[in-house]
Amino acid sequence: MVNVPVAATRRPRRPLLVCAVSVFAIAGALTFVGRTSSSSNAEPVAATWWDPGPLTSWAYVIGENAPIAVPTNIGNVQVYDIDEGNQNGLGANGVPLSDPGTVSSVEAVHASGAHAICYVDAGTAENWRSDYGEFDPSELGGADPGWPGEEFINVADWSTPVPAPYETLQTIMTNRFELCKQEGFDAVEADNVDAYTDDDIGDFTLTMAEEEAYIDDLVSVAHGDGLAYFLKNEVNGDSLLDTEAPLVDGEINESCWQYDECSALSILVKEGKPILNVEYENFAEAKLCPEALAFPMATIHAGLELDGTITYGCWQYGATSAPTTSSSTTTTASSTTTTTDPTTTTSSSTTTTTGSTTTTSSSTTTTTVSSTSTTRSPTGGPHRGHGGRH
């Protein structure tokens, strides 16, 4: 459907098997409601940001070496998830410089009536980012196995003073979110904020409570910048999702159907938060989509490279048209936190599996979202844009 210049990144975490998936039905129109964020470590922030409500379609295109062609076989989508860029140097104020290709891509996404999520790695330091040198080396841990050039960040030290010329984690992440804002994004996806579940992250350890406090701080910064905040995965068999679901605005999930853990995301459905799911396993459309549609979540099947090649989008399964994009973007937050608690019902047969008439072949026809082509892989750096779970 589109050619979107994107950048390096991705990421999932190791699987955790949980109970079989519960099936839910939810009423469908997009809603836009004001929210006020608060944090255990930050003052409450009143601001205006996009509150997406339930979403039914998306494209995950954070792979490098743009432009990335999204096949027309998935129709019009409501959301694109694109990398932040952050490889063009730093401005005088320390904020990474905007990438022209990213800016023009986001503008074109908006022109199509869709929204754009900004991918930010908030849990590991990537050595090809412009602000990598801002991290105090003493705040970095061991290498992230399987992801060359990345080191775990001690996220417990949000505002801990660091020696010159380094910056605090609070300053670095605040500047990254400011970059997303300047590039015109509507939301952020903060990746790798679950290192407390990893066995070896270096010479420090992290607890769930410390990760929760970090998420709260990130949400507060995002909302203060007028950006919605999407969790990434966080299916760890504990209470983190229950704690954070009322505060965040949505969830990016990888492979919950493959690992039989989608039921852990039910709290997000209850809170009226969208779940944007990508599956990499070779699922047949007729097997995956009826369950994914009934859950409900916006599910795509894509390759691990996340380079824009999407095999199918489940919202088209058994349907004659793709979902329409939303016309509203933001509302002003009130002074108190509001959460939605839509009634969910269990459906034994919300979708009927039939011989699918939906085609899943990749289309060779594309629409150009941006005329600027940008390659993000650093000189001598690793090829980025992989999916898959640890």
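Q: In which sense do strand β14 and strand β15 pair?

A: Strands of a sheet pair through backbone hydrogen bonds, either parallel or antiparallel. In this predicted model, β14 (residues 228–232) and β15 (residues 250–254) pair in the parallel sense, over three bridges. Within this pair, F230 stands opposite G250 of β15.

Q: Which helix packs on the sheet and touches β14?

A: Helix α2, residues 169–182, packs there, touching β9 (115–121), β13 (187–191) and β14. The direction of α2 makes about 155° with that of β9.

Q: What does helix α6 touch?

A: Helix α6 (residues 285–294) also packs on the sheet, where its contacts are β16 (275–279), β17 (298–302) and β18. Its direction makes about 45° with that of β18.

Q: In what order do the strands of the sheet run?

A: Nine strands form an open sheet with mixed pairing, in the order β6-β8-β9-β13-β14-β15-β16-β17-β18. At the edges are β6 (59–60) and β18 (310–313), each of which pairs on one side only.

Q: Now a side chain. Where does D136 lie?

A: D136 is in the loop between β10 (124–126) and β11 (140–143).

Q: Is D136 buried or exposed?

A: D136 is buried, yet it has no salt bridge. The nearest side chain of opposite charge is R176, 15 Å away, whereas a salt bridge requires the charged atoms to be within 4 Å.

Q: What does the side chain of D136 make a polar contact with?

A: Its partner is the side chain of S138, at 2.8 Å. Leaving aside neighbours within four places in sequence, D136 is in contact with V162, P163 and Y166.

Methods: Residues numbered from 1 in each chain as written. Predicted model: local features only at pLDDT ≥ 70, side-chain atom pairs only at ≥ 80, totals over all residues. Heavy atoms only, no water. Pairing = 2+ DSSP bridges. Helix = DSSP H or I, 4+ residues; strand = E, 2+ residues; numbered from the N terminus. Contact = heavy atoms within 4.5 Å. Axes fitted to C-alpha atoms, helices over the stretch in contact; angles between N-to-C directions. Buried < 20%, exposed > 50% of the residue type's maximum accessible area, 1.4 Å probe, protein only. Lys, Arg positive; Asp, Glu negative; His and termini not counted. Polar contact = N/O pair within 3.5 Å; in protein donor to acceptor, adjacent residues only side chain to side chain.
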